[in-house]
Amino acid sequence: MRIQVNARNRGYDFDALPGEHILYAGLRAGIDLPYECATGTCGTCKAKLLSGRVREEWREAPGKKYVRPAAGEFLMCQCVAEEPLTLEVSKFVYPIDTGACVPRKAAGTLRAPRALTHDVMAFALELEEPREFDAGQFALLGASGVGAYRAYSMCNYERGTRRLDFLVKRKPEGGFSEWLFGANRDGARLEAFGPLGKGTFDPALGKHLLLIAGGSGIAGMRSILARAARDRYFGRHRGWVFFGVRSMRDAFWLDELSVHAADVEVTVALSEQEVPAEATRQWPRLRFERGLVHEVAKRAMAGKYHDVRAYVAGPPPAVDAAIRVLLLEAKLTTDNIRYDKYS
Ligand SMILES: Cc1cc2nc3c(=O)[nH]c(=O)nc-3n(C[C@H](O)[C@H](O)[C@H](O)COP(=O)(O)OP(=O)(O)OC[C@H]3O[C@@H](n4cnc5c(N)ncnc54)[C@H](O)[C@@H]3O)c2cc1C
Ligand code: FES
């Protein structure tokens with residue numbers, strides 16, 4: 001199906017496959033259409049229908065609160081074309097940068113699922129073909145019987161890899177997470193679409209790195225740390241990691257973070273528990289602080305924001321609170337704050 005998009009700066013046209021969501025078709029064609037979550041919650045992919053007919057795949061999508069259906073507005077990530085379409089996107093749209101990884105579909109096998117805590121599980125997706133992605137990106141994953149795609153950040157970083165590592169926090173009654181936690185899924189087939197996301201890190205950045213993660217938000221940070229370590233980035237730049245969890249029961253990857261603590265300062269922020277003495281004994285390279293992760297980061301980072309790029313990920317309230325600190329206290333410019341809201 002032919003789709004014409006009139007953006008503020010120029011027009012684009014591309015084809016969508018039958019049943020393909022308009023956003024994914026555009027991205028697959030190398031057009032950097034606006035999006036954040038790519039899964040119906042943020043409203044960033046809003047477009048206006050000028051001609052043709054679209055079908056909504058998820059009528060209750062939370063992102064619909066940002067669109068006015070009466071004015072012909074809809075979410076490109078949740079709609080498919082029923083006829084050739086002409087759309088208006090009220091943003092500047094550019095082709096995906098040459099050299100960047102253009103998203104596309106892939107299939108693979110779920111391997112080595114393992115519990116990291118009572119409600120966090122890690123697994124690998126072994127792809128049929130190698131894929132490129134940038135550190136800090138995410139993919140959409142679909143499992144048979146679960147329905148729509150869910151967004152999960154890659155935790156590893158490797159060029160041209162067939163293995164993508166993921167971390168999934170269990171969501172009560174969540175379709176994908178309950179499917180994953182409900183039985184041994186080793187060997188299950190998954191569909192993926194990606195890579196996606198602009199919270200990427202490339203060593204050419206040349207700035208100090210501040211990584212603030214709420215809970216499962218540490219997933220993408222591990223990818224950034226892996227990329228930086230590969231390039232010995234922290235031989236030239238400073239780095240700080242703040243990992244927020246409720247209590248030690250919710251903490252994971254502390255051995256792995258201890259390895260990175262040779263290069264960067266890693267602080268674990270406990271929001272609902274005093275720091276137990278055995279934590280500092282068991283992980284002497286890590287710092288432990290009591291408090292919400294954005295408050296702990298704010299205290300520790302005062303006066304250290306010169307030439308810093310910040311990455312933030314996790315539950316939306318934690319991300320919003322951290323962004324407020326980065327804008328109001330740190331006075332970072334918006335291009336130096338990259339975030340993913342795990343909504
Ligand atoms: C960029 C990004 C990166 C993320 N990375 C991670 C990560 O690394 N680890 C992690 O644990 N979490 C991550 N999340 C959050 C994660 O995507 C959600 O927690 C996850 O979608 C929950 O899925 P669920 O099936 O368990 O819950 P559910 O409540 O069943 O599903 C929640 C999500 O699934 C989609 N969905 C549900 N029903 C429908 C429907 N009928 N049609 C279409 N879509 C539907 C929507 O996106 C909805 O928000 C990330 C989120 C984003 C946006
Ligand atoms: S990108 Fe479509 S709602 Fe977030």
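Let's start at Glu56, which is partly exposed, with a relative accessible area of 27%. Its partner in a salt bridge is Lys64, and the closest N and O atoms of the two lie 2.8 Å apart. Lys64 is partly exposed as well, at a relative accessible area of 23%. Keep in mind as you look around that this is a predicted model.

Side chains of opposite charge can pair when their charged atoms come close. Another example joins Arg170 to Glu178, with 2.9 Å between the closest N and O atoms. Arg170 has a relative accessibility of 31% and counts as partly exposed, and Glu178, at 28%, also counts as partly exposed. Next, turn to Asp320 and Lys341, whose side chains meet in a salt bridge at 2.7 Å, N to O. This pair links distant parts of the chain, since Asp320 sits in helix H7 (residues 316-329) and Lys341 in strand E19, 21 residues apart. Asp320 is partly exposed at 29% relative accessibility, and Lys341 is partly exposed with a relative accessible area of 31%. Salt bridges can also share partners, and in this way Arg53, Arg55, Glu57, Glu82 and Glu83 are joined into one network.

Now for the ligand. Ligand 1 is surrounded by 25 residues, and the closest are Arg150, Ala151, Gly175, Phe176 and Ser177. By type, this shell divides into 11 nonpolar, 9 polar and 5 charged residues. Strand E11 (150-153), strand E12 (161-169), helix H2 (175-182) and strand E19 (337-341) each supply at least two residues of the shell, with E11 giving the largest share, 4 residues. Several contacts involve oxygen atoms of the ligand. A backbone N or O atom of Lys169 lies 2.8 Å from one oxygen atom of ligand 1, and an N or O atom in the side chain of Lys171 is likewise 2.8 Å from an oxygen atom of ligand 1. For Gly175, a backbone N or O atom lies 2.6 Å from a ligand oxygen atom. The protein covers 87% of the 950 Å² of accessible area that ligand 1 has on its own.

Finally, have a look at strand E7 (residues 85-88). In a regular strand the side chains alternate between the two faces of the sheet. Leu85 and Leu87 form the covered face of E7, while Thr86 and Glu88 form the uncovered one. Strand E1 (residues 2-6) pairs with E7 in the parallel sense over 4 bridges, and Gln4 stands opposite Thr86. Strand E3 (residues 46-51) runs antiparallel to E7 and is joined to it by 3 bridges; there, Leu49 has Leu87 as its bridge partner.

How values were computed
Residues numbered from 1 in each chain as written. Chains lettered and ligands numbered in written order. Predicted model: local features only at pLDDT ≥ 70, side-chain atom pairs only at ≥ 80, totals over all residues. Heavy atoms only, no water. Buried < 20%, exposed > 50% of the residue type's maximum accessible area, 1.4 Å probe, protein only. Pairing = 2+ DSSP bridges. Near = heavy atom within 4 Å. Polar contact = N/O pair within 3.5 Å; in protein donor to acceptor, adjacent residues only side chain to side chain. Areas by Shrake-Rupley, 256 points an atom, 1.4 Å probe, with all protein chains shown as cover. Nonpolar A, V, L, I, M, F, W, Y, C, P; charged D, E, K, R; others polar. Salt bridge = Lys/Arg side-chain N within 4 Å of Asp/Glu carboxyl O.
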